[in-house]
Amino acid sequence: MIEQRRGVWYLYGILIFFTLWYMAASLVNLPIIPMPWIVMENLLGIFVSKILIHGSYSLWRIVAGVILAVIIGVPAGLYMGYFPKWDRALSPIVYLTYPIPKIALLPIMMLLLGLGEVSKILMIFLIIIFQVIIAVRDGVKSIPKETYYPLYSLGATSGNIFWEILIPASMPKFLTSIRVAMATAISVLFFTETFGTEYGMGYFIMDAWMRVNYLEMYSGIVVLSCMGLVLFGVIDYLDRKICHWQYK
Amino acid sequence: MIQIKNLNVTYEAMGEGYAALENINMELGAGETCAIIGPSGCGKSTLLKVLAGIIREYEGIVEINGQPIMPMKQKIGFIPQNYGLLPWKNVYENIRLSAKIKNIKDRDNSKELDFFVQQLGLAGLEGRYPGELSGGQQQRVALARSFLLKPDLLLMDEPFSALDAMTREEIQNVFLDVWRKYSVSTILVTHYVEEALYLGQKIVILSGIPGTISKIIDNPLFGIENIRNHQDFFQLSLALRKMIKEDWLK
């Protein structure tokens with residue numbers, strides 16, 4: 001029942017998006033903002049031949065970057081949250097490097113790691129990891145001490161503590177951090193894909209723009225925002241599956 | 001048997017050492033219950049944490065059956081004030097947690113688990129999360145979790161203080177029922193004189209800062225049916241109250 005209603009809300013969002021788009025297009029009435037259905041028609045036409053390959057590249061870079069950030073960021077955050085020594089040692093490093101605009105590092109990354117996949121994935125990784133570390137760390141720190149006591153007195157090992165308390169307790173904040181970072185990651189992905197590649201939605205959109213092919217450009221933008229929708233949908237789904245206890 | 005000899009606990013705050021407990025001596029026979037009563041800040045909870053193996057830095061001897069406190073080796077059940085249930089586990093998983101940590105396989109205790117679920121009136125609630133339970137129900141889950149382990153020592157920190165008066169009496173009776181069946185050595189901290197009288201075979205009065213034992217009383221009224229409605233109960237609780245008041249004013 002609730003699942004169904006959520007689907008309806010997504011449709012509702014899409015409807016509003018298209019209505020606003022339609023209004024803007026009618027108001028401006030220039031080729032620079034084409035009507036939504038013309039774009040959709042174009043999108044369907046080029047979907048298999050062009051979008052599929054570019055979209056897959058972008059999706060792979062995002063997913064790889066996120067997974068890498070999770071593999072390194074979650075354990076780091078858990079350790080920093082649970083062991084004050086780790087926090088004291090690592091927090092200054094995190095605070096110093098977090099505010100650096102990661103996009104400014106792109107040229108260095110490209111010089112060091114080449115123009116290929118590695119530098120792009122690492123860029124996304126760098127954007128996401130700090131938010132993951134800080135969210136997980138604070139999630140662990142906010143667990144009341146009393147939560148641990150029954151487990152301590154049962155003789156729980158550190159493994160027990162991590163598995164039974166730290167990971168589930170920090171999960172909601174972790175998912176929120178991924179949510180927050182995801183939008184930035186997609187924007188940065190777009191930017192990195194305008195350099196040194198011939199695949200990816202970023203390349204596709206910029207290429208269409210250079211060729212003054214507005215229909216393809218808008219198709220690309222629609223696909224990029226759909227990718228965002230799907231990724232957010234996946235995170236929301238995980239939230240409902242794993243963290244349903246917090247909505248009780 | 002629980003033995004505490006010359007226990008001293010100090011804690012550090014702002015670089016200075018403060019004594020939390022001083023020269024605590026007491027004994028508790030196997031299967032006995034003991035209520036510790038004392039004013040706020042007298043170190044009741046500290047004493048409980050030492051027994052639970054949470055505070056490890058102390059002077060003196062604290063032993064369960066002749067062995068120093070070692071949570072890995074002994075079975076110690078600890079129920080904190082907020083019941084200590086994990087919000088991300090449902091009732092069933094929360095009860096099972098103690099056995100899981102002690103590496104007891106499900107098939108070895110599934111019958112007992114069902115028994116405790118029935119005994120504590122939790123049937124039908126197994127799939128619920130702590131956030132969906134009332135305080136009394138959460139307390140029942142915490143009791144089930146601890147009793148499933150058949151602990152060498154059960155510790156409860158103001159276990160019934162957050163419950164309303166009616167629920168409190170009900171859960172106190174539930175506790176006594178299960179305790180009678182399993183006679184688990186139990187130490188509970190309380191600030192209600194009536195609760196100490198109703199649940200404690202021994203009543204330990206703590207006082208002062210740092211906490212010291214000012215009296216240990218063998219409770220003559222423990223375990224008598226419906227004792228709460230008897231004249232004796234009122235009189236003893238009044239006497240106890242007076243004793244405590246004088247003691248704490250010293």
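Leaving aside its neighbours within four places in sequence, A:His54 is in contact with A:Tyr199, A:Gly200, A:Met201, A:Tyr203 and A:Phe204; two residues are in contact if their C-beta atoms, placed from the backbone, lie within 7 Å. A:His54 belongs to helix H2 (residues 36–82) of chain A. Helices (H or I, at least four residues) and strands (E, at least two) are DSSP runs, numbered from the N terminus. Because A:His54 has 24 C-beta neighbours inside 10 Å, A:His54 counts as buried. A residue is buried if 20 or more other C-beta atoms lie within 10 Å of its own, exposed if 12 or fewer, and partly exposed in between, with C-beta atoms placed from the backbone. From A:His54 to A:Gly65 there are 11 residues in sequence and 17 Å in space, C-alpha to C-alpha.

The model described here is predicted: local features need pLDDT of at least 70, side-chain atom pairs count only at pLDDT 80 or more, and totals for chains, interfaces and linings use all residues. Residues are numbered from 1 along each chain as its sequence is written, while chains are lettered from A and ligands numbered from 1 in the order in which they are written.

In chain A, UniProt places the feature "domain: ABC transmembrane type-1" (unreviewed entry) at residues 55–239. UniProt positions are given in the numbering used here, feature names are shortened, and annotations may be inferred rather than shown by experiment. The span of residues 55–239 of chain A is 82% helix and 0% strand, and its end C-alpha atoms lie 25 Å apart.

Between the chains, 16 residues of chain A are in contact with 20 residues of chain B. On the side of chain A that touches chain B, the elements that give two or more residues are helix H6 (149–153) and helix H7 (158–192) of chain A. H6(A) supplies the largest share, 5 residues. By residue type, this side of chain A divides into 9 nonpolar, 4 polar and 3 charged. Here Ala, Val, Leu, Ile, Met, Phe, Trp, Tyr, Cys and Pro count as nonpolar, Asp, Glu, Lys and Arg as charged, and the others, Gly among them, as polar.

## The overall form of chain B

Chain B contains 7 helices and 10 strands. Its radius of gyration is 18 Å, close to the 18 Å that the globule rule gives for 250 residues, so chain B is as compact as a globular protein of that length. The radius of gyration is taken over C-alpha atoms, and the globule rule is 2.2 Å times the number of residues to the power 0.38. The C-alpha trace of chain B spans about 50 × 45 × 35 Å along its principal axes. Of the 250 residues in chain B, 42% are buried. Among contacts in chain B with a separation of 6 or more, 71% are between residues 24 or more positions apart.

## Strands and sheet of chain B

Strands of a sheet pair through backbone hydrogen bonds, either parallel or antiparallel. Two strands pair if DSSP finds at least two bridges between them. An open sheet of 6 strands in chain B has the order E6-E7-E8-E3-E9-E10, with mixed pairing. Its edge strands are E6 (76–79) and E10 (212–218) of chain B, each of which pairs on one side only. On average, neighbouring strands of this sheet are turned by 15° against each other, direction ignored. Axes are lines fitted to C-alpha atoms, for helices over the stretch in contact, and angles run from 0 to 180 degrees between N-to-C directions. Helix H7 (residues 231–249) of chain B lies across E3, E9 and E10 of chain B and runs at about 25° to E9(B).

| Strand pair | Sense | Bridges | One pair of residues |
|---|---|---|---|
| E3(B) and E9(B) | parallel | 4 bridges | B:Ala35 and B:Ile203 |
| E1(B) and E4(B) | antiparallel | 5 bridges | B:Gln3 and B:Glu63 |
| E4(B) and E5(B) | antiparallel | 2 bridges | B:Glu63 and B:Pro68 |

The hairpin of E4(B) and E5(B) has 2 residues between the strands, and B:Asn65 there takes a positive phi near 50°.

## Positive phi in loops of chain B

B:Tyr83 has a positive phi of about 75° although it is not a glycine. B:Tyr83 is placed in the loop between E6 and helix H2 (91–101) of chain B, and B:Tyr83 counts as buried because it has 24 C-beta neighbours inside 10 Å. Within H2(B), the buried residues include B:Val91, B:Asn94 and B:Ile95. Just after H2(B), B:Asn103 takes a positive phi of about 60°.

B:Glu158, which is not a glycine, has a positive phi of about 40°. The loop that holds B:Glu158 lies between strand E7 (153–157) and helix H5 (165–182) of chain B. With 19 C-beta neighbours inside 10 Å, B:Glu158 counts as partly exposed.
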